[in-house]
Every structure is written in C-alpha cells, then in structure tokens.
Amino acid sequence: MLAYTIGVVLFALGICVSIALHEAGHMWTAKKFGMQVRRYFVGFGPTLFSFRRGETEYGVKAVPLGGFCDIAGMTALDEVKPEEAKRAMWRYPVWKRTVVLAAGSGMHFLIGFLVLLVMAGSLGLPNLDGDPKVQAVSECVRDVQDREQLAEFDEQACGPGDPAPAKEAGLRSGDVITAVDGEPVADIGETTSLVQEREGPTPITVDRDGTTVETVVDVERIQRPNLDEAAVEEGAPETVTVGMIGVGFAQYLQYSAVEAAPATVMFTGDMFHRTWNALLRLPERIPLVVESIFGAERDPNTPVSVVGASRLGGETVQQGMWEVFFLLLASLNFFVGIFNLLPLLPLDGGHIAVTWYERARDWLRKLRGKAAGGPVDYSKLSAVTMVVIIIGGGFVLLTVTADIVNPIRLTD
C-alpha cells in the first residue's frame with residue numbers, strides 16, 4: 001500500500017510540475033519579447049504565499065489543479081494600466097503572440113521528450129517494431145496446461161531432466177535472432193511462428209554485438225494453453241503443442257548515449273501519431289465511459305481523468321513497472337499539449353486561431369485598399385467559449401466519476 005501511495009503522489013507531483021512549466025513557457029517567452037507579465041501562479045484558490053521580483057508577482061495557491069500566467073493585454077478587452085499599454089500583448093506582431101501562446105504546449109512536448117530520452121538510456125523504450133532481441137534465457141521449458149499455470153511459470157523451479165534448448169545452445173541475453181532454419185526474421189511474431197512450427201535440431205542465426213553467430217537449437221515440442229479464445233469457444237482444443245526454445249524477448253530496448261536521441265525522436269513521432277488518433281476517437285469512447293459508470297466492464301482504451309492517471313501511476317510503482325509509470329507521464333504531456341492547441345476558446349489554440357484570423361482579415365482588407373481592422377471583440381465569442389467550457393467540465397466530471405466507481409486497472 002505504501003508503494004501505491006508513493007506512486008500516486010509522485011504522479012500527481014509530475015502533473016503539477018507539468019502545469020507549472022506550461023505556465024512558465026508562456027511567461028518566459030512573453031518576457032523574452034518584452035511583454036509585461038503581471039503574475040505567475042501555480043494552483044488556484046486562496047494564495048498560500050507570494051513574492052514580487054521586478055514587475056512580476058510569483059506565488060502558489062491552495063488548489064494545485066492548474067495555474068496561470070497573467071500577461072497584460074492578452075486580448076484587447078483586458079484592462080491595462082497606462083504604463084502597461086505599450087507592452088500589451090495584443091499590440092505585438094502575430095508571430096510573437098503565436099510563440100507565446102504555443103509555448104505552454106511546447107513545454108509539454110519538451111517534458112514528454114526529455115522523459116523518453118532519459119528512458120531510452122536507462123529503462124529503455126517500448127519495442128514497438130518487435131525486434132527479436134533476447135532479454136532472458138529460461139532455465140527450462142515444460143508443458144503448461146492452463147493460463148494460471150502459465151502466468152506462474154517463471155516462479156516454478158525446473159525439475160531434473162527438464163530441457164533447456166536455448167541455454168544449452170549458448171544463446172545469451174542481448175542476442176538478436178536474425179534467421180530461423182535459414183529463413184530471415186524481422187520481428188518477434190515471425191520468430192515465434194517459425195520456432196513453434198519446428199521440432200528437434202534447428203539452425204538459428206543471431207546478431208551478437210555486431211557479429212553473426214550460427215548455432216543449432218534443439219527445439220522442444222511442449223503443450224501450452226490455446227490463447228485464441230474465439231477459436232476455443234468454437235470448439236478448438238484448449239491446449240496446443242508448439243515448438244519452444246526457452247527465450248523471452250525484450251519488451252523495452254535500451255540505447256547507447258549516441259543512439260538515445262535519434263531513437264527518442266522516432267518514438268516521439270510514433271507517440272504523436274497515436275495520441276492524435278486517440279484524440280480523434282475520443283467522442284466515440286464517451287458512451288463507453290458512461291456505460292462503465294453504470295456497471296459495464298471498463299474499456300482500458302477509454303479516457304481517464306487526472307484521478308485515473310494518478311491511480312494508474314500508483315499501480316505501476318506498486319508493481320515495480322517504472323517503465324510504464326514514465327510512459328504514462330510522457331503520454332499525458334503529449335495529450336495535454338496537443339489538446340491545448342485545438343482551435344477552441346478558451347484553449348491556447350483558440351487564442352492562436354483568433355490571432356491568425358486577425359492577420360488574414362487585415363491582409364484581405366489591405367488588398368481591398370482598406371485599413372487594418374481592430375482586435376477581435378472577444379465578447380462576441382463568449383457564447384461559444386461558454387459552450388466549450390460546459391462540455392469540457394462535463395467531460396472532466398464524467399471521467400472523474402468513472403475513475404472513482406470503475407477505474408481502469410493494470411491487473412485484475
């Protein structure tokens with residue numbers, strides 16, 4: 001229980017730091033361009049403490065669920081003092097305002113990238129390509145009759161005479177299998193399929209630290225539970241006989257200092273792609289969240305709130321799954337960063353859209369020989385903004401409720 005609590009606290013702290021850095025991104029870029037930053041606060045509600053340095057007041061508030069950076073004249077409707085007028089944000093060029101508004105999401109992307117970069121050189125990044133890299137060589141292989149026994153297999157002691165094909169053939173952790181019985185393999189799926197079809201002495205080629213090594217492994221035919229549930233329901237046998245050699249493939253790949261940066265860039269691109277797809281599918285998953293509140297099994301792919309993410313963070317620490325903990329933290333930052341850039345007020349992306357609308361409008365007016373128009377009247381957008389706030393608030397309430405009454409769990 002202590003480990004779980006530590007995990008929840010650490011993940012919540014990670015969220016708070018991300019929020020603080022989001023607002024810091026706005027502040028640092030605004031100050032860099034000469035805009036006047038009045039206040040920078042982490043949290044909402046009553047002020048716990050604050051101090052002033054230069055023209056900016058810094059502080060922490062009681063509810064650590066957000067924060068804000070108060071830039072003078074963020075919109076033309078904001079009241080500014082006479083001494084602030086020349087440095088009001090709305091007076092600055094479009095590109096500078098865009099940089100300041102996008103800097104919050106930029107900080108989330110930077111946080112996510114740095115988390116993944118540290119993982120690449122330490123815990124490793126997920127083996128998305130399924131490279132057949134050996135992580136562990138088993139002491140033996142043996143018949144397993146059901147799934148419960150399979151889940152506990154690693155804890156079972158090997159008996160006298162139990163075969164150990166991979167170990168006896170000299171395979172090592174770190175070997176990358178490149179061919180089975182003369183057939184090249186590119187991923188874990190191909191490797192597993194070819195091995196399961198074999199029996200007896202089988203040539204296997206591996207890449208060992210850049211050197212090609214040829215070996216012969218005596219593939220053992222053993223019984224394993226049939227993992228194809230649909231086939232079993234249709235009458236297929238509950239156990240199948242397959243060829244096994246006794247290796248476990250790496251689920252995470254570690255990289256050298258030279259390899260870590262490019263590997264992180266590639267993995268970050270993949271995460272952006274997955275996050276964007278998840279965002280597009282968000283509306284269709286809302287009904288599943290509602291159903292889970294009323295007793296339906298919770299789909300692990302449904303959205304979670306900060307509460308649910310923190311609970312998952314606690315479970316990962318409790319089970320020693322630090323790789324998953326940091327992946328969750330990176331994923332959350334990428335999601336928030338992308339979501340915040342959607343062209344909807346009051347999100348930063350909405351303010352960016354208004355800024356560029358002004359730019360496009362003034363360009364068209366110039367083509368027609370007219371003077372530039374004034375800043376957009378945000379009061380005319382208040383109804384749309386309120387709709388977005390209500391929908392967003394409802395979404396938060398919905399996911400928080402689901403995460404309390406029917407949370408997603410890593411294990412049953």
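Here are some notes on a sheet, a helix and several salt bridges in this predicted model.

1. Let's start with the sheet. Five strands make up an open sheet with antiparallel pairing, in the order S6-S5-S7-S8-S9. Strands S6 (183-184) and S9 (239-244) each have a single partner strand, so they stand at the edges and one side of each is left without a neighbour in the sheet.

2. Strand S7 (residues 200-208) runs antiparallel to S8, and nine bridges join the two.

3. Gln223 has Thr241 in S9 as its bridge partner, and Pro225 stands opposite Thr239 in S9.

4. Helix H5 (residues 188-197) deserves a look too. Its buried residues are Thr191, Leu194 and Val195. Seen down the axis of H5, these buried residues fall within an arc of 100 degrees, so they line one face of the helix. Their cover includes strand S5 (176-180), S6, S8, S9 and strand S10 (247-249). At the start of H5, a side-chain oxygen of Asp187 comes to within 3.1 Å of the backbone nitrogen of Gly189.

5. Which residue forms a salt bridge with Glu183? The partner is Arg198, with the closest N and O atoms 3.1 Å apart. This pair links distant parts of the chain, as Glu183 is in strand S6 and Arg198 is in the loop between H5 and S7, 15 residues apart. Glu183 counts as partly exposed because its relative accessibility is 37%, while Arg198, at 14%, counts as buried.

6. Now for a pair further along the chain. Asp403 and Arg298 meet through their side chains in a salt bridge (3.1 Å, N to O). Here Asp403 lies in helix H12 (residues 382-405) and Arg298 in the loop between helix H8 (282-293) and helix H9 (306-318), 105 residues apart. Both Asp403 and Arg298 are buried.

7. The structure holds 17 salt bridges. Among them is the pair Arg361 and Asp362 (3.0 Å, N to O), and Arg361 is buried, with a relative accessible area of 18%.

Key. Residues are numbered from 1 along each chain as its sequence is written. This is a predicted model: local features need pLDDT of at least 70, side-chain atom pairs count only at pLDDT 80 or more; totals for chains, interfaces and linings use all residues. Side-chain values use heavy atoms; hydrogens and water are left out. Two strands pair if DSSP finds at least two bridges between them. Helices (H or I, at least four residues) and strands (E, at least two) are DSSP runs, numbered from the N terminus. Buried means under 20% relative accessible area, exposed over 50%, partly exposed in between (1.4 Å probe, protein chains only). The arc is that of the directions from the helix axis to the C-beta atoms. Contact means heavy atoms within 4.5 Å. A polar contact is a pair of N or O atoms within 3.5 Å; within protein, one must be able to donate a hydrogen and the other to accept it, and residues adjacent in sequence count only if both atoms are side-chain atoms. A salt bridge is a side-chain nitrogen of Lys or Arg within 4 Å of a carboxyl oxygen of Asp or Glu.
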